[in-house]
Amino acid sequence: MTDLTEDLRLENRSRLPDDLRFLVEKYPREEWRQHANLGEMAQFWLQRHDMFRELSTLLQSGVGEYREGRLEPAAFARWFGPRLRFFLQQLHGHHQTEDMHYFPLFAKAERRLERGFNILDSDHHVIHEALERNSHKARAFLLALQQDADRQRFAADAYADENAGLIAMLDRHLSDEEDLIIPLILDRGEDTLGVAG
């Protein structure tokens, strides 16, 4: 894991440093969807990111519904467990693929972005730790749903706090990752980078 200055750590960062934004300045987000070099892999990858955002919002909303008393504990547990498990498993697999395949490939293709990919790799370690905490709090929450109202409320609050932190970090990471990778793909093309589907 890369040693980062405090301002570059995922928990503190508001965006990537300016020296890593040269391609996103050349290819701003509002132009991505219409660009000729936005190939199948890039579109699939953006869809996966959108899925993670949608699932995190769905899970957060579901927890909110439960905390507001609009979902009974047993019904909430049946709804929540499988969705959370899917979210955590998919995110873990997605990060493994990026770490082992895409990040090294992209960093080699554009050496000026290598530090950016080291930052993203460091993010993955931070997110992995947050996923572990989230999973632990979720298990405690699900167990508490079978106990008295005070324990349910305490566990729901603890999980909601942990989940809010994870979602904030994930949102920052996904945006920064997109700002590095999509402009690089638009600049070089998927065939040239060796990632065409």
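Me: Is F76 buried or exposed, and which value tells us that?
Reply: A residue is called buried under 20% relative accessible area, exposed over 50% and partly exposed in between, using a 1.4 Å probe and protein chains only. F76 has a relative accessible area of 0%, so this residue is buried. The model is a predicted one, in which local features need pLDDT of at least 70 and side-chain atom pairs count only at pLDDT 80 or more, whereas totals for chains, interfaces and linings use all residues. Residues are numbered from 1 along each chain as its sequence is written, and side-chain values use heavy atoms, with hydrogens and water left out.

Me: What is the relative accessible area of R48, and what share of the chain is buried?
Reply: R48, whose place is in helix 3, has a relative accessible area of 18% and is therefore buried. Of the 197 residues in the chain, buried residues make up 47%.

Me: How many helices and strands does the chain have?
Reply: Helices (H or I, at least four residues) and strands (E, at least two) are DSSP runs, numbered from the N terminus. In this chain there are seven helices and zero strands, and the C-alpha atoms fill a box of roughly 60 × 35 × 25 Å, taken along the principal axes.

Me: What span should helix 4 have, and how far apart are its end C-alpha atoms?
Reply: The expected span of a helix is 1.5 Å times one less than its number of residues. Helix 4 (residues 73-109) has 37 residues and should span 54 Å, and its end C-alpha atoms are 51 Å apart, which agrees.

Me: Where is the kink in helix 4 centred?
Reply: The bend at a residue is the angle between axes fitted to the seven residues ending there and the seven starting there. In helix 4 the kink is centred on E98 and comes to about 45 degrees.

Me: At what angles does helix 6 cross helix 4 and helix 3?
Reply: Axes are lines fitted to C-alpha atoms, for helices over the stretch in contact, and angles run from 0 to 180 degrees between N-to-C directions. Angles under 35 degrees count as roughly parallel, over 145 as roughly antiparallel, 65 to 115 as roughly perpendicular and the rest as oblique. The axes of helix 4 and helix 6 (residues 149-188) come within 12 Å and cross at roughly 30 degrees, so helix 4 and helix 6 are roughly parallel to each other. The axes of helix 3 and helix 6 come within 10 Å and cross at roughly 165 degrees, and these two helices are therefore roughly antiparallel.

Me: Why do the rings of Y102 and F106 count as stacked?
Reply: A pair of aromatic rings is described by the distance of the centres and the angle of the planes. Rings of Phe, Tyr and Trp (its six-membered ring) pair if their centres lie within 6.5 Å, and planes under 30 degrees apart count as stacked, over 60 as edge-to-face and the rest as tilted. The structure holds twelve aromatic pairs. In the pair of Y102 and F106 the centres are 5.9 Å apart and the planes lie at 20 degrees, so the pair is stacked. Both residues lie in helix 4, four residues apart, about one turn of the helix, and both Y102 and F106 are buried.

Me: Which residues do ring pairs link into a cluster?
Reply: The cluster linked by ring pairs holds Y66, F76, W79, F80, F141 and Y159.
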